[in-house]
Amino acid sequence: MLEQHLAALPILLPLIAAPITLVLGRSSFSWAFATLISACACLFAWQLLALALTNGAISYEVGGWPPPWGIELRVDAANAFVLLAVSALSTLVLLYSKDSIEKEIEPSKHTLYYTAHLLCFAGLSGILLTGDAFNLFVFLEISSLATYTMVSLASDRRCLIAAFRYLVMGTIGATFILIGVGLLYMSTGTLNMLDLANRIDIAESGRTINTGLAFIMVGVSIKLALFPLHMWLPSAYTYAPSAVTAFLASTATKVAVYVMIRFIFTVFGLDHVFGSMGMDLILMVLAIVAIFKCSYKATVQSDVKTVLAYSSVAQIGYMILGISLVSATGLMAGLIHIFNHALMKGALFMAVGAVFYRVGSVDISAFRGLGKQMPLTMAAFTIAGLSIIGVPLTVGFVSKWYLVTAALEQNQWVLAALVLGGSLLAVIYIGRVLEAAYFQQRPESEKTIEIKEVPWLMLAPMWVLVLANIYFGVDTSLTTEAASSAAEWLFQNNEMPLGNQAGAE
Amino acid sequence: MNFILDHYNYWIVVFLMMTGFYIVITANNLVKKIVGLNVFQTSVFILYISEAKVSGGTAPIVTEGATLYSNPLPHVLILTAIVVGVAVTAVGLALIVRIKRAYGTVEENEFKKMDDAI
């Protein structure tokens, strides 16, 4: 029974639990319940990944209607891998948020926060697991609406404007995806992604399909904050409560990157998007500009949350760069970086939230002298920061290693040099914070406030992520196995429908 | 000329889409932005409904004498999209209410002056 419906559980569980959380009323009850649900979903995601790696793709017919008429949930190595990262991060952030939101969200809104978090998680799992293009839009909107609510929960009034801007941008992005899906349906008559891949006929209705491709790509690019469509991201990440930022930075944009991979590789097909449409060049240029422009912007900000937000846009550039290389290694580097970046940014934003918890500010000047007063938090920030830079023995190094390898495979020496150059900018923006924390003294006027370490419930999830940063940096077998089999699967799958078509003719 | 007349519903879609988009970008008042967003979304609804029409087909109800039906699926899809649109509007308006309480205005240029960081 449980095994049979395993594929639907990571979506259903949080979706059903969300209204129950709201009814529970008490903040501590809803926290415990939401965490439990998220942990269960994480367990199911783990099982799904194990199943997908051994048995190949799992297909689940929602409501017993067989695809392509009914909605299909389709689990393969690629989405099970991202789902595991998302559900693990969701659980850790929920553990962390109990103490964190007490400082940042009014007590009356605590249950609302947990409800919105579960809804967002349900939406993200839905986006990952669904095999239906329209269904993907619906789940995208479920997660986005929950996200706008979560951003607006902070006590700083600027979060409202950030949330409103995000809502306008996000809705335009989602509507673009809706238009694209509509155009695809118009020319193929199906919404199932695998069926779409088989029925897309460029020769007959190329113009409609290419318009659909353009709409979907722009829509997804808004959602994943690809430069220059990233303008909503820095303000939303800066003014949202710290726990929300930690969750969004490590999951929401990553899921959007996955959506882009899915549309390029499964629906439209590599040959069309990169071959005849030349999309790889567009993505590559935008990715490189994102890496340099936003890394530079990160070095000149004074609010540490804004620094990390711009750094996120730059890191998304690395993922897109991996995809745009059009090779199995490049795609694998992109997928590994989705997982690894979730680990590093989750830990970094949690550390910044811990600083806010004690000091009440996240300006770079608030970090002065914290190396002595909050040693564990700052040690976590240091290790996760080194991981962003790409120092060996951290996950950041693994991502960069595969990215550079993929670039060198195609003799793109300039590209490899640019990837490494981007890391140097990361040294500057992480280094500024570390310099303030370890080498500057706390000003005399502020010494009256006693600053000590944050509660263990905030430290524990942060350190779990930090240790994961080191563990997956040393023992790369799990991440590389999952990512390489996902990348190979996407590539193989990509050639198969094209081969079938050729055979049929 | 015939090309324009034959596809008049698509011209309406494009016109509404661009109107809505223009309002979203240029409006200074947040409520107007939400209205623009609604117009923008509505254009997509018409796009889907246009797709559903099969030339010569009747309404998709099984009756005697009818063999060709219009496609009912886009209608169902757009019903879902309308619900999503209503939810987005509701969240947007709720945010505007809170912005009005916090800033005392819903004009973008006015609250931009109050918090220059945004």
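The model is a predicted one.

We begin where chain A meets chain B. The contact draws on 32 residues of chain A and 38 residues of chain B. Together the two chains bury about 3,200 Å² between them, and carbon and sulfur atoms account for 77% of that area. Three residues stand out on the side of chain A: R157(A), F164(A) and Y185(A) supply 21% of the area that chain A buries against chain B, more than any other three residues.

Polar links also cross this interface. Six residue pairs are in polar contact across the interface of chain A and chain B, counting pairs with both residues at pLDDT 80 or more. The rule for salt bridges finds one across the interface. In a salt bridge, the side chain of R165(A) meets that of E108(B), with 2.9 Å from N to O.

Which elements of chain A give two or more residues to the side that touches chain B? They are α5, residues 133–151, and α6. The largest share comes from α6(A), with 20 residues. Sorted by class, this side of chain A has 23 nonpolar, four polar and five charged residues.

The largest pocket holds about 680 Å³ of space. Its lining has 29 residues, and those closest to the centre are R165(A), M169(A), M231(A), W232(A) and S235(A).

From chain A, the elements that give two or more residues to the lining are α6 (158–188), α8 (202–223), α9 (232–239) and α13 (304–324). From chain B they are α2 (8–26), α3 (30–52) and α5 (108–114). The largest share of the lining, six residues, is again from α6(A). By class, the lining consists of 19 nonpolar, five polar and five charged residues.

The second largest pocket has a volume of about 580 Å³. It is lined by 17 residues, and the closest to its centre are L183(A), M186(A), Y10(B), V14(B) and L47(B). At least two lining residues come from each of α6 and α8 of chain A and α2 of chain B. Here the classes divide into 11 nonpolar, five polar and one charged residue.

The structure also has cavities. How many of 30 Å³ or more does the rule count? The count comes to four. The largest cavity has a volume of about 120 Å³. Its lining is made of 14 residues, and nearest its centre lie S143(A), S144(A), Y166(A), K223(A) and A252(A). Three elements of chain A each supply at least two residues of this lining: α4 (110–129), α5 and α10 (242–268). In this lining, nine residues are nonpolar, four are polar and one is charged.

Two places in the backbone of chain A deserve a look. Most residues other than glycine have a negative phi, and most peptide bonds are trans. The bond that joins F227(A) and P228(A) is a cis peptide bond, with omega at about 0 degrees. P228(A) is found in the loop between α8 and α9 of chain A. L393(A) belongs to the loop between α16 (375–389) and α17 (395–409) of chain A.

The last stop is R74(A), which lies in strand β2 of chain A, residues 72–75. Which residues does R74(A) touch, leaving aside those up to four places away in sequence? They are A57(A), I58(A), S59(A), N79(A), L129(A), T130(A), G131(A) and L194(A). Another residue, K305(A), is 231 residues from R74(A) along the chain, and the C-alpha atoms of the two are separated by 36 Å.

Terms used:
Residues numbered from 1 in each chain as written. Chains lettered and ligands numbered in written order. Predicted model: local features only at pLDDT ≥ 70, side-chain atom pairs only at ≥ 80, totals over all residues. Heavy atoms only, no water. 1 Å grid on protein atoms, 1.4 Å probe; cavity = no way out; pocket = protein on both sides within 12 Å on 5 of 7 lines; lining within 4 Å. Points joined across faces, edges and corners; volume = space filled by probe spheres on them. Helix = DSSP H or I, 4+ residues; strand = E, 2+ residues; numbered from the N terminus. Nonpolar A, V, L, I, M, F, W, Y, C, P; charged D, E, K, R; others polar. Contact = heavy atoms within 4.5 Å. Buried area = accessible area lost by both parts, 1.4 Å probe. Salt bridge = Lys/Arg side-chain N within 4 Å of Asp/Glu carboxyl O. Polar contact = N/O pair within 3.5 Å; in protein donor to acceptor, adjacent residues only side chain to side chain.
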